[in-house]
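Thanks for coming. I will go through the packing first, then the surface, then the charged pairs.

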Amino acid sequence: MHQKRSYAVVLVVSTLVGLLEVALTVVVVVLYVQTQPPPDRGPDWVEIGADLVGTVPLIGFISFLLSLVFVLPAVALADLLGRWLGRHAAWWSAPLIVAALLTPPVFGYAAYNDTQTRATLLFWVSATASLSLGALIALPRGERLLGRVALWGTAVVAGTGLFGGLGLAVGLLPAYEPPRIGPEAMTGTWVDHTGNTLVFTADGRVTASDVGGRSSHDYPGNPSPSCSGSGTWVYEGGRDVWAQKVRVDIPGCGWPAWGVDGTAREPRIHQHIGDPGSGERYKLRKASGGS
């Protein structure tokens with residue numbers, strides 16, 4: 001005789017699975033960020049962490065609503081099919097039921113807002129997979145189901161973060177490194193986000209056109225005048241790719257050495273700007289076709 005289904009447990013387990021899925025996604029995103037070039041403004045991980053902790057109640061509420069609207073009916077209908085077709089029917093029917101329940105709201109919203117078909121299908125498949133996981137994990141009947149889900153789910157999230165961090169440390173995951181550009185790659189035109197340029201020539205000369213770390217528009221009340229003129233430049237390889245620098249000496253332009261980031265296909269040079277420790281960078285990218 002089968003143990004009677006507790007649909008309250010189904011709701012709690014499915015809600016917990018939703019929270020764990022979000023936590024796992026955050027861990028994967030953080031690991032992925034470590035493999036990419038740094039943004040113009042470095043992330044404040046303390047602030048991001050505090051924001052994430054603050055949104056846990058909201059995420060939990062949304063997960064509860066989704067479980068109530070989609071997962072709970074899917075489990076109930078899967079139980080019904082299981083009584084008709086055999087208990088194994090619940091396992092294969094639950095994802096199909098979730099997909100069917102999601103179809104009207106997802107595709108109805110997409111049709112009303114004229115959303116692209118590909119984006120709609122990707123969202124529908126992702127939502128179906130996420131909610132189906134909650135339904136399948138909540139299907140077993142047992143008094144200790146919630147405890148097992150909490151224990152193993154937390155282990156998966158923590159293990160992903162731990163092994164991902166170790167993978168970055170030992171090189172199994174491709175942690176980001178700046179490209180080794182060399183003096184030959186420096187020659188040509190480098191441009192900022194507003195079109196101002198530094199032009200490097202192979203004979204060690206450089207010409208700046210309105211290059212500056214800040215503007216009154218981007219940083220109101222804290223502008224830094226742009227710089228124009230001609231001077232010299234030298235590339236310093238350093239002990240590794242992180243230490244390479246480009247020194248630009250133009251009268252009236254009091255710049256420290258420029259750092260290097262970006263990728264081999266899209267190299268960039270940068271200056272740290274803003275308050276100390278802010279992580280903000282003013283970047284120049286190699287113009288397409290520049291040589």
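**Cores, patch and salt bridges**

Leaving aside neighbours within four places in sequence, Leu102 is in contact with Phe70, Trp124, Ala127, Thr128 and Leu131, where contact means heavy atoms within 4.5 Å. Before I go on: this is a predicted model, so local features need pLDDT of at least 70 and side-chain atom pairs count only at pLDDT 80 or more, while totals for chains, interfaces and linings use all residues. Residues are numbered from 1 along each chain as its sequence is written, and side-chain values use heavy atoms, with hydrogens and water left out.

Back to Leu102. Together with Val149, Leu102 touches the most other members of the largest nonpolar core, which has 29 residues. A nonpolar core here is a set of buried Ala, Val, Leu, Ile, Met, Phe, Trp, Tyr and Cys residues joined through side-chain atoms within 4.5 Å. Buried means under 20% relative accessible area, exposed over 50%, and partly exposed in between, with a 1.4 Å probe and protein chains only.

Which helix gives the most to this core? Helix 1, with eight residues. Helices and strands are DSSP runs numbered from the N terminus: H or I, at least four residues, for helices, and E, at least two, for strands.

There is also a second, separate core of 22 residues, including Val206 and Cys227.

Now the surface. A nonpolar patch is formed by Leu58, Phe61, Ile62, Phe64, Leu65, Leu66, Leu68 and Val69, with about 680 Å² of accessible area together. Patch residues have over 30% relative accessible area and no salt bridge; like charges are joined within 9 Å, and nonpolar side chains (Val, Leu, Ile, Met, Phe, Trp, Tyr) within 5 Å. Areas come from the Shrake-Rupley method with a 1.4 Å probe, and for residues only the protein chains shown count as cover. Leu65 sits in helix 2 and is partly exposed, at 36% relative accessible area.

Last, the charges. The whole structure has four salt bridges, each a side-chain nitrogen of Lys or Arg within 4 Å of a carboxyl oxygen of Asp or Glu. In one of them, Glu236 pairs with Arg247, with the closest N and O atoms 2.8 Å apart. Glu236 is in strand 4 and Arg247 in strand 5.

Are Lys283 and Asp261 buried or exposed? Both are buried. Their side chains meet in a salt bridge at 3.6 Å, N to O. Lys283 lies in strand 8 and Asp261 in strand 6, so this pair ties together parts 22 residues apart in sequence. Salt bridges with shared partners join Asp261, Arg281 and Lys283 into one network.
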